[in-house]
Amino acid sequence: MFPAKETQKLVEPVRLKVSSTRMLTDTVRELVFVGSDNGTLAGYTPGAHVKFDLPAGERSYSLIDFAAVAEDNNPASYRFAVQLEVQSTGGSSYMHGLKPGDAVAVSAPQNDFPLVASKPALLIAGGIGITPMISMATALAYQGTAFRFHYACRTQAAMAYREELAAQFGDNLTLHFDDEPETALDIAALAASMEADEHVYVCGPKGMIEAVKSAMEAAGISQDRIHFELFTSAADQSGDVAFEVEVHATGEVFTVPPGKTIVEVLEAGGIDLIHDCLRGDCGICQTDIIDGIPDHRDVVLSDSEKAEGKVMQICVSRAKSARLVLDL
Ligand code: FES
């Protein structure tokens, strides 16, 4: 499928250094990294991300490719694009402050958002959610698999890679701009036009993912054909208040203040937890609720599962009751 090169497995963490940077828009910065020894890097599959170990904590960014790369293929560099968040918690502002030659430690690439092999694809990207989609579209084009590619953004000026994508993907690509109503993204129409074996992939803000999931489910698309990844954490909302979490196995009680997640508080208290994305889209941290009312902030659970209130994603979700008792 892809040209294979000599395989080289890297042991975590990997040391990288900034090779080059450029501003793609007023707020989106592209960063290209090479190995600190200028050697080749671990290969990966489309949709993969790398976790950066930054002073403010761990942050994940998707790998971008305009030329096909495979897991057994060792690239010379990794490319990322990072949007400077208005309320940066130290991740995007740090990435925007890096200079050529600066070093960072990262994990080996992981993929929680893989393409389903040989199936036609509908790709829907919102804003900086474009990053994993570029690698996916590149691979689909390389493989000769049919795909439709929709990319929505606030304005033309705010859209990263607009010209490169138009040149590379031609008629497969349709652009949508919030300030140009005639280009509006019609999610219901896309859902109605799904081919029998087509899979949909969506990466963007929470509202876009929820809208695509709802439209696809209403059009009868089975859940195994709907794939999604959030580009930011859905955890924080204004008006958040503190609540208590009781660990059922030990009876220990922890207070989760605004601005902290259940995972952060419990891990700081010495509780071992399993998690991955920390954004509310992978489902790894799902935990049974023994008592209390959750305030769901994830995009994993269906509306009916959220209403049942029996499980929750503790990396982002909070509580509507004063205390949650969790099956931990
Ligand atoms: S760690 Fe992925 S949903 Fe919580």
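Which residues touch the most other members of the largest nonpolar core? They are Leu-123, Ile-130, Met-133, Met-136, Ala-137, Val-202 and Val-212, in a core of 62 residues. A nonpolar core here is a set of buried Ala, Val, Leu, Ile, Met, Phe, Trp, Tyr and Cys residues joined through C-beta atoms within 7 Å. Buried means that 20 or more other C-beta atoms lie within 10 Å of the residue's own, with C-beta atoms placed from the backbone. Helix H2 (residues 130-143) gives this core its largest share, seven residues. Helices are DSSP runs of H or I with at least four residues, strands are E runs of at least two, and both are numbered from the N terminus.

The model is predicted: local features need pLDDT of at least 70, side-chain atom pairs count only at pLDDT 80 or more, and totals for chains, interfaces and linings use all residues. Residues are numbered from 1 along each chain as its sequence is written.

Take Leu-123. Beyond neighbours within four places in sequence, Leu-123 is in contact with residues including Met-133, Met-136, Ala-137 and Tyr-201. Contact means C-beta atoms, placed from the backbone, within 7 Å.

Now Pro-46. It sits in the loop between strand S2 (28-35) and strand S3 (49-54). Pro-46 counts as buried because it has 26 C-beta neighbours inside 10 Å. Leaving out residues up to four places away in sequence, Pro-46 touches Leu-115, Ser-135, Met-136, Thr-138 and Ala-139.

The chain divides into domain 1 (14-106), domain 2 (121-230) and domain 3 (243-326), with bounds from an automatic or database domain assignment. The C-alpha centres of domains 1 and 2 lie 23 Å apart. Across that pair, 14 residues of domain 1 are in contact with 16 of domain 2.

Definitions and conventions. A residue is buried if 20 or more other C-beta atoms lie within 10 Å of its own, exposed if 12 or fewer, and partly exposed in between; C-beta atoms are placed from the backbone. Two residues are in contact if their C-beta atoms, placed from the backbone, lie within 7 Å.
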